[in-house]
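Welcome, and thanks for taking a look at this one with us. Please bring up the model and follow along as we go through its strands and its charged side chains.

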Amino acid sequence: MNKLIRLIAIIPLLILLSCSGTAERKKLETLNEAIDNYAYALRWSRTEDAVSYHFNEDGEKPEIDSSIMDSIRVTGFEITDRTVNPEQTEATVEGKLNYYKNNSATIRTLEFNQRWWYEDNTGKWLLDSAFPEF
């Protein structure tokens, strides 16, 4: 009987541990999706989608002049490094964007460093970095 009581006491703990691992994994998956979606939005000239990720951690939406995107075409992107803090509330992303200006055939590369943060209320990752300066 004593073993049965211990087993019953341990089961909820095991369930909690397995769920927390799932929650952490889901948080990292949503970070990867946010990074990719942001880069794809720039790549396919979905400027409004890219701008929608920009939110300062104090909850303010920064003023972004995205008019440069009318004369820029992003041809590719590469993420070179991702670092996530142990609490999985902040991430630093480094990478490169390849692009050209509409009036030029020269492919250029823009290196970027981004700071992403996790918004608990919405469960979304947001970008607290400047819009790329092409």
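Strands β2 and β3 pair in the antiparallel sense over ten bridges, where two strands count as paired if DSSP finds at least two bridges between them. Helices (H or I, at least four residues) and strands (E, at least two) are DSSP runs, numbered from the N terminus. This is a predicted model, in which local features need pLDDT of at least 70 and side-chain atom pairs count only at pLDDT 80 or more, while totals for chains, interfaces and linings use all residues. Residues are numbered from 1 along each chain as its sequence is written, and side-chain values use heavy atoms, with hydrogens and water left out.

**The sheet**

- Four strands make up an open sheet in the order β1-β2-β3-β4, with antiparallel pairing.
- The edges are taken by β1 (72-84) and β4 (124-127); each has a single partner strand, so one side of each is left without a neighbour in the sheet.
- From one strand to the next, the twist averages 35 degrees, with axes taken as lines fitted to C-alpha atoms (for helices, over the stretch in contact) and angles running from 0 to 180 degrees between N-to-C directions.

**Hairpins and strand partners**

- A hairpin is formed by β2 and β3, with six residues between them.
- Across that pairing, Thr 92 stands opposite Arg 115 in β3.
- Strand β3 (residues 108-119) also pairs with β4 in the antiparallel sense, over four bridges.
- This second pair, β3 and β4, is a hairpin too, with four residues between the strands; Gly 123 in the turn has a positive phi of about 70 degrees.

- How many salt bridges does the count come to? It comes to four, with a salt bridge defined as a side-chain nitrogen of Lys or Arg within 4 Å of a carboxyl oxygen of Asp or Glu.
- Glu 57 and Arg 115 meet through their side chains in a salt bridge (2.3 Å, N to O). This pair links distant parts of the chain, 58 residues apart: Glu 57 is in the loop between α2 (47-51) and β1, and Arg 115 is in strand β3.
- Arg 115 also meets Glu 90 in a salt bridge (3.2 Å, N to O). Here Glu 90 sits in strand β2 (residues 90-101) and Arg 115 in strand β3, 25 residues apart.
- Asp 128 and Arg 115 form a salt bridge as well (3.1 Å, N to O). Asp 128 lies in the segment after β4 and Arg 115 in strand β3, so the pair ties together parts that are 13 residues apart in sequence.
- Through shared partners, salt bridges join Glu 57, Glu 90, Arg 115 and Asp 128 into one network.
- On accessibility, Glu 57 counts as partly exposed at 40% relative accessibility, as do Arg 115 at 23%, Glu 90 at 33% and Asp 128 at 26%. The cut-offs are under 20% relative accessible area for buried and over 50% for exposed, with partly exposed in between (1.4 Å probe, protein chains only).

- Is Glu 111 buried or exposed? At 63% relative accessibility, Glu 111 counts as exposed, and its place is in strand β3.
- Leaving aside neighbours within four places in sequence, Glu 111 is in contact with Gly 95 and Lys 96, where contact means heavy atoms within 4.5 Å.
- Lys 27 is found in helix α1 (residues 2-43).
- Lys 27 is buried yet has no salt bridge; the nearest side chain of opposite charge, Asp 120, is 4.6 Å away. For charge, Lys and Arg count as positive and Asp and Glu as negative, while His and the chain ends are not counted.
- Not counting residues up to four places away in sequence, Lys 27 touches Glu 87, Gln 88, Thr 89, Tyr 118 and Trp 125.
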